[in-house]
Amino acid sequence: MVEALLVIAPSPLSIEELAAATEDGHERVETALGHARAAGDAREQAECIFMLSFTLTQGPTPVEDAIRRCTETLEEYAGNRAVEGWMVHALAHMYARIGEFAQALTHGERCRQILLETGPRRREIALIPREDPQRIERL
């Protein structure tokens, strides 16, 4: 019961905090995800995982740690296409940052395909060009 009440509390981060993606913000997302998991609240878990993908790519988490966290999340939520889309998007960023451009492009294309298959705005996503390999390599 306590976990359920913690899940329905206000969002773990405001837009401003999320944009800042501080270490504290990342920890708050992880805490909220733990509460949502314990309460069995799938919708809140999905929201927290979306925010997690943002804090991993925009926050101070070291690349190797972010890759490991994305991989763990993919394993834990295997079969959940939304989670897969968010995590492979984050992985595309991480691999580009360490110069593994082929991996970055593969993950970026995988994310695009997932969004095309499952996204609420399929037409708009279809207009998004594939990542230009030269642009990725300039990161």
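Is C111 buried or exposed? C111 counts as buried, because its relative accessibility is 7% and the cut-off for buried is under 20%. The model described here is predicted. The points below cover a pocket, a nonpolar core and the cysteines.

**Second largest pocket**
- The second largest pocket holds about 190 Å³ of space.
- Its lining is made up of F50, S53, F54, T57, G85, W86, H89, C111 and L115.
- Three helices, α4 (42-58), α6 (81-97) and α7 (101-118), each provide at least two residues of this lining.
- With 4 residues, α4 gives the most to the lining.
- By type, the lining residues of this pocket are 5 nonpolar, 4 polar and no charged.

**Largest nonpolar core**
- The largest nonpolar core has 25 residues, and those touching the most other members are L33, I49, L52, I67, C70, M87 and L91.
- At least two residues of this core come from each of α3 (23-39), α4, α5 (63-76), α6 and α7.
- The largest share of the core is supplied by α6, with 8 residues.
- In soluble globular proteins, nonpolar side chains tend to be buried together.

**Contacts of L52**
- Apart from neighbours within four places in sequence, L52 is in contact with H26, V29, E30, L33, R69, T73 and M87.
- Among these partners, L33 and M87 are, like L52, listed with the core residues that touch the most other members.

**Cysteines**
- C70 has a relative accessible area of 0% and is therefore buried.
- The structure holds 0 disulfides.

Methods
Residues numbered from 1 in each chain as written. Predicted model: local features only at pLDDT ≥ 70, side-chain atom pairs only at ≥ 80, totals over all residues. Heavy atoms only, no water. 1 Å grid on protein atoms, 1.4 Å probe; cavity = no way out; pocket = protein on both sides within 12 Å on 5 of 7 lines; lining within 4 Å. Points joined across faces, edges and corners; volume = space filled by probe spheres on them. Nonpolar A, V, L, I, M, F, W, Y, C, P; charged D, E, K, R; others polar. Core = buried A, V, L, I, M, F, W, Y, C linked by side-chain atoms within 4.5 Å. Buried < 20%, exposed > 50% of the residue type's maximum accessible area, 1.4 Å probe, protein only. Contact = heavy atoms within 4.5 Å. Disulfide = S-S within 2.5 Å.
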